[in-house]
Amino acid sequence: MYVLDFFLIAVTLVIGTSIVWSTFRVGISPMPSSTKARNAIMKMIDDSWSGPFYDLGSGWGGLVIPLAKKYPHCKIVGYEISFVPWLVSVIVKTVFRLDNLAIYRKNFLQADLTSAEVLVCYLHTEGMCEVKRKLTEEPNNDGYLISNNFALPSCQPEMIVKIDDLYRSPIYRYRLRECINKS
Ligand SMILES: C[S@@+](CC[C@H](N)C(=O)[O-])C[C@H]1O[C@@H](n2cnc3c(N)ncnc32)[C@H](O)[C@@H]1O
C-alpha cells in the first residue's frame, strides 16, 4: 500500500512540477478555452475555409480535438510546449483516430506558420506581441488569426465577438493581410 501511495505522490509531483515549470517559462498555464469561448471561436470559422488550422499553444487539445472532428478533411496542427498537456492531447488524438490532426511538442515561435490559413490562440499580452513579431517577419501569411481574449497589438480586428461570460470576454478575428502589413 505504501508503495502505491509513494508512486501516486511521486507521479503527482512530477506532473505538477512539469506544468508549473512550463507555465513559468512561457507565461501562461495550459488552461483550456471555456466552452463559450470555444463555441464562439468555432462559429467564427467560415465553413468555406479549407485550412490548415494551427493552434498556437494547443494545451490539452481543447480546441484542436473539436476542430479535427468538425473538419475531418482539413489539416489541423497544434503546437504545445508543455509536456503533460501535449502528451494527453496526443493520447486523445490517437484514441479518436484523428489522422488529420498533428500535435507537435514545439515552440510555435520556431515553427513555420506561413502555410496556415487560420491561426487560433489563447495566450497573454506578451505572447500576442511575440505572435505579432513573428507574423511581421513572415509576411507571406495571407490567412486569419482568431484570438481568445487577447488582442494583437496595433491591429484592427475585422470582427469582435463578446462572449456571454462574467467579463464579456472578447474573441478577435483578424485578416492578417489587412493588419500585419499595414500596421
Ligand atoms: C491558455 S492555454 C490554451 C490552450 C488551448 N489553445 C485552448 O484554447 O484550449 C495556452 C497554451 O499555450 C502554450 N504556449 C504558450 N506559449 C507557447 C509557445 N511559444 N509555444 C508553444 N506553446 C506555447 C502554453 O503551454 C499553454 O498550454
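Below is a short chat about a predicted model and its ligand.

Biologist: What order do the strands take in the sheet?

Modeller: The model is predicted. Its open sheet has seven strands, in the order S3-S2-S1-S4-S5-S7-S6, with mixed pairing.

Biologist: Which strands stand at the edges?

Modeller: Strand S3 (101–104) and strand S6 (159–162). Each has a single partner strand, so one side of each is left without a neighbour in the sheet.

Biologist: And how are neighbouring strands turned against each other?

Modeller: By 15° on average, with direction ignored.

Biologist: How many bridges join S5 to S7?

Modeller: Five, between residues 144–148 of S5 and residues 170–175 of S7. The two strands run antiparallel. Within that pair, leucine 145 is opposite tyrosine 174 of S7.

Biologist: What does helix H2 lie across?

Modeller: Helix H2, residues 35–44, lies across S4 (118–121), S5, S6 and S7. The angle between H2 and S7 is about 25°.

Biologist: Switching to the ligand. Which residues come nearest?

Modeller: There are 21 residues around the ligand, and Met31, Ser33, Gly57, Glu80 and Asn107 come nearest.

Biologist: Which backbone atoms lie by a ligand nitrogen, and at what distance?

Modeller: For glycine 57, a backbone N or O atom is 2.8 Å from a nitrogen atom of the ligand. For phenylalanine 108, a backbone N or O atom is 3.1 Å from a ligand nitrogen. For isoleucine 81, the distance from a polar backbone atom to a nitrogen atom of the ligand is 3.3 Å.

Biologist: How much of the ligand's area does the protein bury?

Modeller: The protein buries 98% of the 600 Å² that the ligand exposes when taken alone.

Notes. Residues are numbered from 1 along each chain as its sequence is written. This is a predicted model: local features need pLDDT of at least 70, side-chain atom pairs count only at pLDDT 80 or more; totals for chains, interfaces and linings use all residues. Side-chain values use heavy atoms; hydrogens and water are left out. Two strands pair if DSSP finds at least two bridges between them. Helices (H or I, at least four residues) and strands (E, at least two) are DSSP runs, numbered from the N terminus. Axes are lines fitted to C-alpha atoms, for helices over the stretch in contact, and angles run from 0 to 180 degrees between N-to-C directions. Contact means heavy atoms within 4.5 Å. A residue is near a molecule or strand if one of its heavy atoms lies within 4 Å of it. A polar contact is a pair of N or O atoms within 3.5 Å; within protein, one must be able to donate a hydrogen and the other to accept it, and residues adjacent in sequence count only if both atoms are side-chain atoms. Accessible areas come from the Shrake-Rupley method with a 1.4 Å probe; for residues, only the protein chains shown count as cover.
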